[in-house]
Structures are given as structure tokens and as C-alpha cells.
Amino acid sequence: MANFMQDSVVKYACSCGILNPISRLFFCRHCPNLRCGFCVCHEVDSHFCSNCLENIPSSEVRHKKNCCASCFDCPCCQNTLSPRATSVIVPKKLEEGDSDSAKGESSKVITKKMYYLSCLACRWTSRDVGIPDQVVATGAWPENECAYQTRFNALSEYYQAVVQQDKQEKQEYLRRKAPRSHKFPSLTDRTGLTVSIIRRQMGWSDKNTQKAKPVNIAASKQYDDVGELSDAIFTENINLHNITSIKQRHNQPSEQPFDISKLYPQRRCMWIKRSLRCRQCEHNVIKPEYHPTSIKYRIQLFASYHVPDVLLVKCEQILQPGQLNAVILKLSNPTMHDMVIKIVDLPSLADNQSSKVTEDFKRLCSIKDTSLSASNAMDSLKSLTGSSSLTGPSSLSGTSLIRHSFIYEEPRAVKQVVNSKLLPLDKAFTLNLRDDSKEFDEETQTQTEEPKFIVWRKANKVLLRLNFIPHSDLKDFDEVYLGFNMLYTYVNTVTITPDKKEPTTHDLNCRVYIKVGQISK
């Protein structure tokens, strides 16, 4: 919580190589791997208004231009406008059948309730721009129409026709280039009469449909005479309180008013509820409730519920280059099963050479040919590796490199440079399961023999000491980054098959990077 409004000092490496704190990561129980916002597919489930909480279908949202029909935002401070009631005195109207005596009473007046929009934050009202009051609170408030709306509609129709024409020409070209479905052509198909009759009997449209042609519109004109600049701009004083800001102008892109008196209320934009899906196995990682008033999730696979949480407690000594130091880390087990954790050093650069060769080989294969043969693949891989000995059971002979629908995922290198040497722990340790009842247990825990690197243990939390040595070439005020590979066991309760009812234990690992601090002067 200390780093809630700051950048987190402990970050986890996703499978795509991007570093994120554990609060921004997800965990797919079917892969199982860590996922970030770029490793998942974002799908829109529903649209709703955050003010009136009205759930609107996607087709209607597209028709309303992603705006709510009854809620408005203040053009000055972007807060929600509230309808306010007021009493207006109006003369009483007479009907046609009224007598002359009733006409004498026409001087009587009645009180009528009217509504206007008001901002409770900056006190802006719809009367400031001359919008008349409405009879009902949810009335049809008039909108400021854009002066170029007709031109925009004409351009939109023109380019839609151009896109439709290009699509028809492309389909016609592909139809001509496609091979014939039968070997011997039919003589009755040369005139096209038989095909046309059959399509009409089946209720289909005729093939010889009229091609879409874009409607000619007036071209834009260029004017050289733009008028002279008024001298009042240089002579008169400017009141900054009456001039709109950049944000206020961007909220009204059609007009972009210069004066505050020309700001009109804007319709409130719709919010969405989205679900996240893993790109590799296509299983849902996050699935919210459909109703807009609910803040719960149907599926919530956040990484903080499945991966050990690592927190930096303190650094024991002042950071000096080339001197032995230690950090105190706090690890928590969020699952309902025990975890066996082992901290080892990160893989060296020599171990990542194979992944680099694989990425170069994929980049070479994905230029144009997606169905590369095995012999050409062997030659390309030999040219990349510079080695002619690519034989054995793991060779590419007899395989096909055809692109499949699902995604092959391989770990990528992390760009973060680690400038300290880790002294790995000599053995693994067990992190107890999460039990909320133990938080209120006053009984003292039994003393057990713990490893030397464990400082403190309680329930599902443990403090451990991790030794490291900063590089000797570091200068004053340089940031020290420590990285390690955390191996842990994870008990997966998702049953893959109906016959297999027992949970499966996986041996997983994740790369953790910690910003320890700066080198002292």
C-alpha cells in the first residue's frame, strides 16, 4: 500500500518480456502462465452509462454515437450536470369556448415548473449559453449543431461508396482468378441464363448486380484571402477567465470555441464492461457481471490470488559498489495449498541464444511464405546458426511448418539490466497455505528449525534475507537492480477431463526484478 500512488519497486516479468507489478498481472490456470494487458484479448461485454446506470445494447450505442441520451457533462469542469427545478410565472391561456367574462380574467397568471441543467461543482448552468428551460427534467435538450455537419455526412457517404466499389472489384478479380470447380464447362452456362433462373428460384439476388459508384461531391475550395488580423488582439486586455482551455476545446472538436460563453453541454460517453481472454488457450481470465450496478466478477484470475507476493522490506546496509549487502523480502502465499519455493539466479545470456535464433528464424519464415517446406527450413536454420550439424531426434526433418490458428508462445528476453550479483539460497523452503483464522489465533507457534536465511515466519507469510553484491563499476546515485528466478509449486484445481478429479501440481517459475535503491556517495 505504500507504493499505491508510486511506481512499484518489485516487478514481475510476463511471458512477453514486459515488467509489471503483481497488481497489473493476470494468471491463466489453463496454460498456466502470467499474463499482462498485452497478452490477453480485450472483449467488450456491455455498454452502460456511469451516471444513470442504463444498460444499452451495442447496436443502439453505435446509433447514439457512444453517448447517453439523458446525461450531460459540464463543458467547463467535465462533471455531471444535474437538472434543477424552478418556478416560472406565465399568463393563463384561454380556450376558444370561453365567454367574455372569462376574458376579463386573462390578466391572471399561473406558476409553472421548469427545469434547467446546473453543475454542482463550478455553478455553470444551461442559461449561461441561452438554452431555454424545459418542461420535463428528462426533456430533449437542444444540441449545438456543427456548421460543417452536412459536409461531413457527404464525405462519409462518398468514402463508403468508394470502399464498397473497391470490395466489389476485389471480389470480381478473385472470382476470375479462381480455378473452375468442374473439369468440363457446361454449354448452358455460357449465356448465364440457366444460372440466373436458378438463383431467382432459390430467392437469391442475381449475380449481375449494379456496381456501386461513388456520388460526385463538390471539391473543397481553397481561398487565398483569409482576412486581416484585428488590431484589438494587440490593444485590448485579455481576461483569462473568459478564455477556454485546451481540454475544453478538445471536448467540442467540431466548434473549438474560444470564449467560455460558447460552451455547450456535452452528452456523457458510455462506459464498458470488458472481459479478458488468454491469447494462447482462449480461456477467460477476467469475466465481470453483466449488470452495471454489480462490481463483482464471474471469473477473476488475478495474479495476486495465485502467485507468491514479494515485497521489499528494507536493505540492511548502505549500498556501495562491490560490497556484500542483503535485503529483507516478505513473501506471502495467497492460495489454499502449501508452496515449495526456491530462489535461483536468472538465466544467463548464453541460455537465451536459442530463443534469439528461434525469433530470427520465425521472422525469416513469416516474410511471405507461411507453408515453408522442411528442407528449406533446414537450410534457413543452418544459415542462421552457422552450423551444419542439425541432426537427431529433435531435427526439423519430416515436419511441416504450416501456420496454425492457435499461437505458439515462447519467453522473450527482458530489457531490464540487472547490475548486481545474486547469492542464491542453498535450499528450498515451504510457504504455508493461507488461513484467515490464524490471523486471530493468539497461540504461540511451535519452534521449528528454520534455514538461516529465514528471519521471521507467521501463518502464510515469511521474511527472508537475500544476499547480493552490486557491480563494482557502478557510480554514485546509480540505481541498483536485483533480479532472481523464483521457482514455486502451484496446485491447480481446474479439472481438465471429467475422469481426472484430483488437483494437479505444477512446477512454475517467474522472473522477479527489484529496485533496491541508489548507490550512496
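Among contacts in the protein chain between residues at least 6 apart in sequence, 66% join residues at least 24 apart. The model is a predicted one. Its secondary structure consists of eight helices and 24 strands. The protein chain has 521 residues, of which 28% count as buried. Its accessible surface amounts to about 36600 Å², with 51% belonging to carbon and sulfur atoms.

The largest nonpolar core comprises 43 residues, and Y12, L331 and L466 are those with the most contacts inside it. Two or more residues each are given to this core by strand 1 (10-13), strand 15 (325-332), strand 16 (339-344), strand 20 (429-431), strand 22 (461-470), strand 23 and strand 24 (504-518). Strand 23 supplies the largest share, six residues. When residues up to four places away in sequence are not counted, L466 touches N325, A326, V327, L329, I343, L422, L423, L425, L482 and F484.

Aromatic rings in the model form seven pairs. One of them joins F27 and Y490 in an edge-to-face arrangement, with 5.0 Å centre to centre and 65° between the planes. F27 belongs to strand 3 (residues 26-28) and Y490 to strand 23 (residues 479-492), so this pair ties together parts that are 463 residues apart in sequence. F27 has a relative accessibility of 1% and therefore counts as buried. Y490, at 3% relative accessibility, also counts as buried.

F48 and W271 form an aromatic pair that is likewise edge-to-face, at 6.5 Å centre to centre and with 70° between the planes. Because F48 lies in strand 5 (residues 40-48) and W271 in strand 11 (residues 271-278), the pair ties together parts that are 223 residues apart in sequence. The relative accessible area of F48 is 8%, so this residue is buried. W271 counts as partly exposed because its relative accessibility is 48%, which falls between the cut-offs of 20% for buried and 50% for exposed.

Further ring contacts were found elsewhere in the chain. F26, Y297, F302 and Y305 are linked into a cluster by ring pairs. A charged group also meets an aromatic ring: the charged end of R127 sits over the ring of Y116, at 4.1 Å from the ring centre.

Methods
Residues numbered from 1 in each chain as written. Predicted model: local features only at pLDDT ≥ 70, side-chain atom pairs only at ≥ 80, totals over all residues. Heavy atoms only, no water. Helix = DSSP H or I, 4+ residues; strand = E, 2+ residues; numbered from the N terminus. Buried < 20%, exposed > 50% of the residue type's maximum accessible area, 1.4 Å probe, protein only. Contact = heavy atoms within 4.5 Å. Areas by Shrake-Rupley, 256 points an atom, 1.4 Å probe, with all protein chains shown as cover. Phe/Tyr/Trp six-rings, centres within 6.5 Å; stacked < 30°, edge-to-face > 60°. Lys NZ or Arg CZ within 6 Å of the ring centre and 35° of its normal. Core = buried A, V, L, I, M, F, W, Y, C linked by side-chain atoms within 4.5 Å.
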